[in-house]
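Trainee: I would like to go through this model with you and ask, at each step, on what grounds a term is applied.

Mentor: Then let us look at it together and set each value against its cut-off.

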2 protein chains.
Amino acid sequence: MNPTIKDVAKHANVSIATVSRIVNGLPGYSEETKKKVQQSIEALGYQPNAIARGLINKRTQTIGVLFPDVSGMLSSEVLEGVENAAHDGGFSVIVCNTTSSGKRTVKYLRLLQEKRVDGIIFASEDVKEEYYKIFQEMKVPVVLVSTASAKYDLPFVRVNDFDGAFQATEYLIHKGHKVIGMIGGSEEDPIAGVPRMQGFQKALESNGLTYTKYHITKNEGYRFQNGKESLPQLLKELPNMTALFAASDEMAIGAMSAAHQLGIRVPEELSIIGYDNLKIAEMCYPPLTTVSQPLKDMGQTSCEMLVSMIKGEKQEAKSRYMPFTIVERQSVSDLHDK
Amino acid sequence: MNPTIKDVAKHANVSIATVSRIVNGLPGYSEETKKKVQQSIEALGYQPNAIARGLINKRTQTIGVLFPDVSGMLSSEVLEGVENAAHDGGFSVIVCNTTSSGKRTVKYLRLLQEKRVDGIIFASEDVKEEYYKIFQEMKVPVVLVSTASAKYDLPFVRVNDFDGAFQATEYLIHKGHKVIGMIGGSEEDPIAGVPRMQGFQKALESNGLTYTKYHITKNEGYRFQNGKESLPQLLKELPNMTALFAASDEMAIGAMSAAHQLGIRVPEELSIIGYDNLKIAEMCYPPLTTVSQPLKDMGQTSCEMLVSMIKGEKQEAKSRYMPFTIVERQSVSDLHDK
DNA sequence: GAGAATTACGTAAACGTTTACGTAGAACGC
DNA sequence: GCGTTCTACGTAAACGTTTACGTAATTCTC
């Protein structure tokens, strides 16, 4: 098997305690023995065993990350940030794909509990009571990213969706649009669904434009297909609509795709603004104007928060709203120009 | 702290050995004590400590996955498959983002070694000697996904890129195209770069079409931007080109984007076929015809192979070429129809 | 130059499991 | 009824570390 600290000790003719001290940079040995031991380590190719270490330190230097959809573009950008910060902080990350079904989440949480992860990042999903109980049992820090919890006091990192939607809508209004529709998410979704619809509604109303429930189509998810199917619906309700706000980039691009098929030119006949700023937003044609969530940053800061909580620096890290921006590309036209 | 096996033993008035046997389903106790112990486990909320278990079993039930670009769409789809299979096999996955630079790869490999992962999945990157040495030191199974190694005998899971490129090109030829360009990857890349160019060349030549080095633009990467910049170049060399094969979907979509800007209609004036079949392939407009790599499947089977190697079922799992297919969408026109 | 403080180690317990081995009692064979 | 084989446990070592504590030798203090 791999050489252990004992082998090194024997080889260098010292005790294991001394080797341990040298490996961990603790004081208590001469320069001479240090060299001797380091040579033995080299010679044997010794690598400390993190498992044994974890057992005694009660620290695994590992965090768990739960995503409802690992392969989703949103998740993967957040993951990149998380992984980055974790690595910088000396942690590894175990990814768990909860597949947006509850049963698997609990299984994963139990697994992470058994593996004694030092902390958890929980993404894009609502925190159910069941989950929260396990969090408490585990007694490890948890931070929510791209979600939040009304019921439980857990630190989160996200953008203010109400404001984001509000400003996206006002952006369209300022471009001279008067009849604006929205492709929305789910009314059941208190995180990304409802606030974006409310922001949209508020923007219309505070700018003196009419708002009815027919201005929004509701969807189960936030996928391409949802957007594609929503456009015709919306068009039926609002035939003279000149612009629309989609609650996700995927839906926005779905709508663009539907528009192409219907022979509606974007942005000449229909302006579209999205939400997320995924990588695809600049790849589609026309490039999508959208509300940019700093996804990677969000992953990164959430992980930094978690790490500092683990290290005990901040017992109660406080939640953060991340800044969003509207990135202007070419899917929105300015009616004033005509 | 969390209750340990000792606490359970005390609570149930048995020895820790008995508790261990019951927890692990080994024989050697009466139904009566089993019940008693299970009740104690319930009462205390005992969860076995996987770290302690790992220490003694020399099995962590964890695998490491190395990607050069975690947030890339290709990686994330593969990751989903890997995660899935790992979970089914009772393993957790630690993700590592090697960021396509070598230095970090070695650091990660060392880390995985310290954490005593049971196996490694290595994706989309060339296996350098340095890495291979560590693989050997670690003495754990490794499987390559979406890559392969000429020098080292490591099992891989991938598609045959030469064939894929060949068929993609023939697809265009069968649609009546005579002047076909390619947006290629890197000549330095023996995995995804060279074989795809060779497949392209071979297809042209065996169908009696002219091939020159000007038929291919070479690129450092496989990204959107590479494709976008390549189209004008290619058009300069081949002004009467009617179709092109891009070595990745991102590049294909980059080319589509450039075409839009240049006022070239796809597919009427220019047909484009991609490679990968990422999710964006069906989201762009027009939807991209492309050669489909079963990304998720590849992740899944590579992980299944790894797990069975870990379990010792197959000492030497053999490499697998996965089937690709050409999925026809709307970015290629049939010249015979005119 | 004697006592105190410091340095440079070594010893052994602890972390939470698994498991080889031992053993007392029960069941069995005849 | 006596030896044998099971059954149902318990004991203790082992996995590879960290670390509190002990101790001998060295250095310092005056």
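Trainee: What is the count of salt bridges between chain A and chain B?

Mentor: The model is a predicted one, and in it the count between chain A and chain B is two salt bridges.

Trainee: What makes the meeting of A:Glu83 and B:Arg104 a salt bridge?

Mentor: The side chains of A:Glu83 and B:Arg104 come to 3.7 Å, taken from N to O. The cut-off for an Arg nitrogen and a Glu carboxyl oxygen is within 4 Å, so the pair is called a salt bridge.

Trainee: Which helix of chain A gives the most to the side that touches chain B?

Mentor: That is helix 5 of chain A, with eight residues. Other elements of chain A that each supply at least two residues to this side include helix 4 (50–57), strand 2 (92–97), helix 6 (102–114) and helix 11 (249–262).

Trainee: How many residues does each chain bring to the contact, and what area do the two chains bury between them?

Mentor: The contact takes 54 residues from chain A and 54 residues from chain B. Between them the chains bury about 5300 Å², and 56% of that lies on carbon and sulfur atoms. The size of an interface is often given in this way, as the accessible area lost when the parts come together.

Trainee: Why is B:Thr217 called buried?

Mentor: B:Thr217 has a relative accessible area of 5%, and because buried means under 20%, the word applies. This residue is found in strand 7 (residues 216–217) of chain B. Leaving aside neighbours within four places in sequence, B:Thr217 is in contact with several residues, among them B:Met182, B:Ile183, B:Ser230 and B:Leu234.

Trainee: Is B:Ser333 buried or exposed, and how do you know?

Mentor: The relative accessible area of B:Ser333 is 11%, which is under the 20% cut-off, and therefore B:Ser333 is buried. B:Ser333 lies in the segment after strand 12 of chain B, and, not counting residues up to four places away in sequence, B:Ser333 touches B:Lys175, B:His177, B:Pro267, B:Glu268 and B:Ser271.

Trainee: What makes B:Ser333 and B:Pro267 a polar contact as well?

Mentor: A polar atom of the B:Ser333 side chain lies 3.2 Å from the backbone oxygen of B:Pro267.

Trainee: Why are strand 7 and strand 12 of chain A said to stand at the edges?

Mentor: Six strands of chain A form an open sheet in the order 7-6-8-9-10-12, with mixed pairing. Strand 7 (216–217) and strand 12 (325–327) of chain A each have a single partner strand, so one side of each is left without a neighbour in the sheet.

Trainee: How do you know that strand 8 and strand 9 of chain A are paired?

Mentor: Strand 8 (residues 243–246) of chain A joins strand 9 of chain A over three bridges in the parallel sense. At least two bridges are needed, so the two strands count as paired. Within this pair, A:Phe245 stands opposite A:Ile273.

Trainee: In which sense does strand 10 of chain B run relative to strand 9 and to strand 12?

Mentor: Strand 9 (residues 271–276) and strand 10 (residues 289–292) of chain B run parallel and are joined by four bridges; here B:Asp276 stands opposite B:Ser292. Strand 10 and strand 12 (residues 325–327) of chain B run antiparallel, with three bridges, and B:Val291 stands opposite B:Ile326.

Trainee: What kind of peptide bond joins B:Tyr285 and B:Pro286?

Mentor: A cis peptide bond joins them, with omega about -5°, and B:Pro286 lies in the loop between strand 9 and strand 10 of chain B. B:Asn277 is found in the loop between those strands too, and B:Asn277 has a positive phi of about 60° although it is not a glycine.

Trainee: Which residues touch the most other members of the largest nonpolar core?

Mentor: In that core of 152 residues, they are A:Ile63, A:Leu244, B:Ile63 and B:Leu244. Apart from it lies another core, of 47 residues, including A:Val127 and B:Phe122.

Note on methods. Residues are numbered from 1 along each chain as its sequence is written. Chains are lettered from A and ligands numbered from 1 in the order in which they are written. This is a predicted model: local features need pLDDT of at least 70, side-chain atom pairs count only at pLDDT 80 or more; totals for chains, interfaces and linings use all residues. Side-chain values use heavy atoms; hydrogens and water are left out. Buried means under 20% relative accessible area, exposed over 50%, partly exposed in between (1.4 Å probe, protein chains only). Contact means heavy atoms within 4.5 Å. A nonpolar core is a set of buried Ala, Val, Leu, Ile, Met, Phe, Trp, Tyr and Cys residues joined through side-chain atoms within 4.5 Å. Buried area is the accessible area (1.4 Å probe) that two parts lose on being put together, summed over both. A polar contact is a pair of N or O atoms within 3.5 Å; within protein, one must be able to donate a hydrogen and the other to accept it, and residues adjacent in sequence count only if both atoms are side-chain atoms.
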